[in-house]
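Here are my notes on the ligand site and the aromatic pairs. Please read them with the model open.

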Amino acid sequence: MSESALPDGVERRQIEGGRRLATRGEPVYGEPTADGWRAWDPERSKLGGMLELGVETGLTGGETVLYLGAASGTTVSHVADFAGPTYAVEFAPRPARDLLDAAAPRDRLFPLLKDARKPETYAHVVEADVDAIVQDVATRGQAEVAVRNAQFLADDGRLLLAVKARSEDVTADPETVFEGALGRLREAYEILETRRLDRFHEDHLGVVATPK
Ligand code: SAM
């Protein structure tokens with residue numbers, strides 16, 4: 001993989017016999033650790049998979065992030081380890097409880113129990129012009145969620161999106177689903193890179209985009 005694609009604060013560290021992607025912070029999901037570094041498992045994280053595959057995310061470390069679909073905090077906890085203020089939107093109360101635990105030792109991680117389809121409900125909390133939106137909602141209408149949240153992104157910001165084909169249509173050919181999602185995204189974004197994430201996440205497409 002391309003080392004240059006890694007943001008500051010994300011390194012390859014020797015952990016449990018392998019060189020693994022890692023961030024510094026309190027463990028969250030039983031991941032192995034060494035010397036304060038916690039392994040970032042690309043099989044449990046779409047963004048981790050994108051970094052592992054050398055996708056140019058544009059993340060440099062220290063940026064403001066809006067994370068949509070935070071679940072119990074697996075990926076967003078790694079993000080908050082290297083980023084600046086990280087707003088984590090999750091609408092299901094049960095994973096959100098675990099997300100609160102992940103946020104407790106992280107003073108830059110702000111959980112929001114909100115629906116990502118309704119950005120107006122958190123627009124008063126999230127600062128304007130975030131540097132990156134990371135999205136992994138895995139529900140129908142994934143491109144629509146990204147378009148609705150484009151308002152938060154700085155002009156030169158990055159959308160880092162994982163599209164799960166089966167969440168849109170279980171029977172359709174994934175490539176057809178991805179083309180449809182990219183078509184909707186292009187109404188608000190310029191697509192910079194796409195990458196199939198199948199090595200780690202079956203029938204998922206990673207997308208890097210910037211506002212039009
Ligand atoms: N990104 C997480 C990670 O890597 O740790 C995993 C996310 S999981 C695949 C998808 C999550 O998105 C679920 O927890 C689900 O409740 C949440 N979600 C789906 N639709 C949402 C919406 N409209 N608003 C907020 N959260 C949503």
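1. First, the classes. Ala, Val, Leu, Ile, Met, Phe, Trp, Tyr, Cys and Pro count as nonpolar. Asp, Glu, Lys and Arg count as charged, and the others, Gly among them, as polar. On that basis the shell around the ligand holds eight nonpolar, four polar and seven charged residues.

2. Keep in mind that this is a predicted model. The ligand is surrounded by 19 residues. Tyr67, Thr75, Glu90, Asp115 and Ala116 are the closest.

3. Where does the ligand sit? The space it takes is the largest pocket.

4. Now the ligand nitrogen contacts. A polar backbone atom of Ala116 is 2.8 Å from a nitrogen atom of the ligand. For Asp136, a polar side-chain atom lies 2.9 Å from a ligand nitrogen. At Phe91, a backbone N or O atom is 3.3 Å from a nitrogen atom of the ligand. On its own, the ligand has 600 Å² of accessible area, and the protein covers 85% of that.

5. On to the rings. How many aromatic pairs does the count give? It comes to three. One of them, Tyr122 with Phe152, is stacked. The centres are 5.6 Å apart, with 20° between the planes.

6. That pair links distant parts of the chain, 30 residues apart. Tyr122 lies in the loop between β7 (109-113) and β8 (130-135). Phe152 lies in the loop between α4 (142-148) and β9 (153-164).

Definitions and conventions:
Residues numbered from 1 in each chain as written. Predicted model: local features only at pLDDT ≥ 70, side-chain atom pairs only at ≥ 80, totals over all residues. Heavy atoms only, no water. Near = heavy atom within 4 Å. Polar contact = N/O pair within 3.5 Å; in protein donor to acceptor, adjacent residues only side chain to side chain. Areas by Shrake-Rupley, 256 points an atom, 1.4 Å probe, with all protein chains shown as cover. 1 Å grid on protein atoms, 1.4 Å probe; cavity = no way out; pocket = protein on both sides within 12 Å on 5 of 7 lines; lining within 4 Å. Sits in = over half its atoms within 2 Å of the grid points. Phe/Tyr/Trp six-rings, centres within 6.5 Å; stacked < 30°, edge-to-face > 60°. Helix = DSSP H or I, 4+ residues; strand = E, 2+ residues; numbered from the N terminus.
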